[in-house]
Amino acid sequence: MEGIEHLVRPRTVAVVGASRESTKIGHVILKNIIENGFPRERVFPINPNVDEVLGLKCYPSLNDVPSKIDLAVIAVPANVVPRVIEDCVRKGVKVAAIISSGFREVGNVEAEMKILEIAKRGGVRILGPNIVGLIDTVVSLNASFLPYLPDKGEIVMISQSGALAAALLTWTKLKSIGLLDIINLGNRADVDESDLMDFFSKDPHAKAIVLYLEGVENGKKFMEVAKRVSKERPIVVLKAGKGARAAEAVKSHTGSLAGSDVAYDAVFKQCGIVRASDIRTLFDYALSLAMLPDPKGENVVILTNGGGAGVMCADACEELKLRLMEIPEDLASALRKWMPSFGSVFNPIDLTGMATEKEYYGSISVLLNDERVHALITLFSHPATLNPMNVAEAIASCVSEVGKNKPVVAAFIGGKECDDAMKFLIKNGIPTFDTPERAVAALATKYRYIYYKNRPAGKHLEIKREKDSAYEIIVRALKEGRNLTQSESCEVASFYGIPTPKKFVAKNLEEALRLADDLGYPLVLEVESPDIVHKTDVGAIKLNIRDRRELEDAYDGILKSVKEKAPNAKIEGVVVRPFVKEGTQVAVGMHRDEAFGPLVMFGSGGVLVELYRDVSFRVAPLTDVDIEEMMRETKVYRVLEGFRGAPKDANSVKNVLAAVSQLALDFDIISDVDINPLFVYESGCMAFDVKMLLKGVKRHSN
Ligand code: COA
């Protein structure tokens with residue numbers, strides 16, 4: 001976080017590349033700085049080819065400036081930048097914001113490493129390169145080539161993309177949404193989103209942090225910082241590139257389900273970050289999080305002048321799990337004073353189209369004064385008889401006079417006439433939208449954030465394990481340059497306390513028949529191969545074998561099918577094991593994500609996991625809270641809870657999840673784990689099929 005205060009709230013600013021030409025970026029930035037309120041006497045243009053720019057004395061280099069410099073904004077061509085950074089080091093500049101393009105974004109990684117190395121050596125922090133710059137409304141600094149300052153507000157906007165920062169500035173301006181800062185990260189050679197989140201979590205001016213990201217490079221740092229910061233300030237993120245990583249070869253069930261976007265989703269939930277799906281929701285959520293006080297309870301009331309809007313709003317509340325309060329009789333009779341006889345005191349409370357600003361003021365006052373009401377959604381459908389601005393003024397003054405520190409959101413439904421009313425309410429601290437659904441989503445986001453903020457940190461479940469025994473098996477496979485076989489995977493799993501059925505490897509049919517006689521029927525026969533993951537797909541498994549004849553047939557059938565469908569797979573024999581009783585099928589897995597590490601999965605099991613996608617993910621290490629949350633996100637959890645049947649032993653599954661989390665942390669070399677199906681019974685569970693893949697080991701078939 002060091003140096004960020006000099007970046008965001010500098011006392012002195014130099015502009016390197018302060019061109020004489022009004023159309024050049026260096027000139028525009030200098031103009032933006034001095035024309036938006038930052039004190040001229042603390043601004044120093046640098047240009048060796050001119051004595052004065054925009055009425056300010058110009059210096060040939062940073063070293064000629066007779067004052068200390070906090071922030072140097074650099075707008076010279078990329079090949080000149082290293083020399084300028086050397087100057088920054090010599091001058092003791094705290095932060096360099098490098099506008100210039102022509103670095104890593106065009107493959108010029110070396111040049112970027114070079115400037116970073118010079119800067120690091122001299123203790124200079126770098127923002128960028130390849131940025132439009134930054135804006136801070138506290139010190140009225142527009143150190144960017146963005147056209148104007150935003151309206152003053154409490155939302156910090158951090159954007160990886162410069163173009164999007166520009167678009168969002170215009171968009172928020174149009175909607176009268178105030179911003180505190182706009183910071184474009186660009187290539188993130190040094191300062192990244194985590195540094196800035198950290199800084200703003202302690203900034204008294206900042207109420208919410210909005211992030212636009214295309215990706216996270218340092219996943220560990222991001223998670224560590226975001227978990228901490230989200231307890232202090234709400235973070236809303238818009239993450240682009242949802243479909244990424246489709247091209248990566250699919251190695252396991254879990255791997256194929258764990259695309260990079262799934263990892264981001266898991267990380268955001270685990271870190272208490274609210275995710276927005278588009279620009280509109282990004283700011284809907286940010287407005288609600290920055291402006292609304294914390295609700296003291298779950299009772300939500302809808303107030304409307306139109307029945308239809310009220311019903312739509314109630315539906316949206318139900319969908320997003322907001323609790324609509326039952327209106328008690330004493331409250332109902334107080335509300336009746338503010339509506340005609342044909343009004344409704346059921347929630348949604350319908351003042352009817354007869355309502356004027358007086359009825360809005362009166363009924364809102366009744367509701368806010370009632371301790372049993374915890375949050376209010378006010379809807380207004382524009383009738384020709386009423387000016388929306390009058391209603392907006394009534395709502396704003398009632399909230400400010402009676403308020404009681406309760407969250408109030410509004411929706412003004414109508415044409416252009418409602419726009420000014422909406423802007424007015426936003427300026428007065430009431431998040432206001434053009435549909436009931438948006439208002440509900442904004443309020444629901446506030447509740448979600450409160451849940452994140454207050455949820456316990458959770459604790460790690462202790463896993464009894466035989467790490468050394470697991471290590472031996474893994475090292476043996478590694479030495480032989482192969483993945484673990486099915487039976488080795490089962491062994492490793494059982495060393496971590498995961499229940500697995502007994503299984504025996506036979507080298508030929510005679511051995512298989514002998515083992516079968518000892519074990520007794522029914523049996524399962526499957527190929528033992530480190531190269532086959534999806535056994536059903538290549539006919540490598542036969543279930544429920546009832547006698548010797550069926551075993552002989554299965555043996556021939558399996559080997560023939562594998563030879564045909566996976567001709568390159570190395571076959572090390574066949575596994576003979578008892579046919580275990582089927583239970584509720586779930587899947588547990590792990591896929592190691594490049595940015596965030598081990599991504600643990602839970603969901604519905606069976607061969608159709610990829611089709612149903614009833615799965616959820618979290619990044620290891622998992623706490624008991626993570627495990628509970630991820631399980632509850634799936635439909636199959638309801639089956640475990642007893643949907644249409646007896647409840648199953650969910651706790652035994654929790655232990656398996658904790659074990660897989662621990663295994664992934666103990667052995668970096670394991671890239672994927674698939675336990676599918678894991679049969680769950682009324683008491684206990686059984687990992688019917690276990691597969692583990694090792695990093696960098698190639699498979700030969702399916
Ligand atoms: N120190 C200070 N000023 C210097 C200098 C130095 N060492 N060397 C040259 N200059 C001056 C030049 O004389 C010129 O001033 P002048 O016009 O008065 O002569 C000024 O710096 C700019 O240099 P110039 O070579 O004209 O560059 P430019 O203005 O055409 O382009 C950039 C510079 C940085 C704007 C350009 O290289 C660039 O990267 N553009 C893309 C920026 C961008 O899009 N960023 C990402 C947004 S998402």
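These legends describe close-up views of a predicted model. Residues are numbered from 1 along each chain as its sequence is written, and side-chain values use heavy atoms, with hydrogens and water left out. As the model is predicted, local features need pLDDT of at least 70 and side-chain atom pairs count only at pLDDT 80 or more, while totals for chains, interfaces and linings use all residues.

**View 1. The residues around the ligand.** The ligand is surrounded by 22 residues, each with a heavy atom within 4 Å of it. S19, R20, K24, N49 and S101 are the closest. By class, this shell holds twelve nonpolar, eight polar and two charged residues. Ala, Val, Leu, Ile, Met, Phe, Trp, Tyr, Cys and Pro count as nonpolar, Asp, Glu, Lys and Arg as charged, and the others, Gly among them, as polar.

View 2. An N or O atom in the side chain of K24 is 2.5 Å from an oxygen atom of the ligand. For the side chain of S19 the distance to a ligand oxygen atom is 2.6 Å, and for that of N49 it is 2.8 Å. Taken alone, the ligand exposes 970 Å², and the protein buries 73% of that (Shrake-Rupley method, 1.4 Å probe; for residues, only the protein chains shown count as cover).

**View 3. The largest pocket.** A pocket is found on a 1 Å grid over the protein atoms alone, as an open set of points where a 1.4 Å probe fits, with protein on both sides within 12 Å along at least five of seven lines; lining residues have an atom within 4 Å of a point. The largest pocket contains about 1400 Å³ of space, the volume being that filled by probe spheres set on points joined across faces, edges and corners. Its lining has 35 residues, and L320, K321, R448, Y451 and Y452 lie nearest the centre. The lining comprises 14 nonpolar, four polar and 17 charged residues. Helix α16 (436–454) is among the elements that supply at least two residues, and α16 gives the most, with nine. Helices (H or I, at least four residues) and strands (E, at least two) are DSSP runs, numbered from the N terminus.

**View 4. Two cis peptide bonds.** The bond from N347 to P348 is cis, with omega near 10 degrees. P348 is in the loop between α12 (329–336) and β17 (349–350). N676 and P677 are also joined by a cis peptide bond, with omega about -5 degrees; P677 is in strand β28 (residues 670–680).

**View 5. Positive phi at S140 and K321.** S140 is not a glycine, yet has a positive phi of about 50 degrees. S140 lies in the loop between β8 (133–136) and β9 (141–144). K321, not a glycine either, has a positive phi of about 60 degrees and lies in the loop between α11 (307–319) and β16 (323–324).

How values were computed
Polar contact = N/O pair within 3.5 Å; in protein donor to acceptor, adjacent residues only side chain to side chain.
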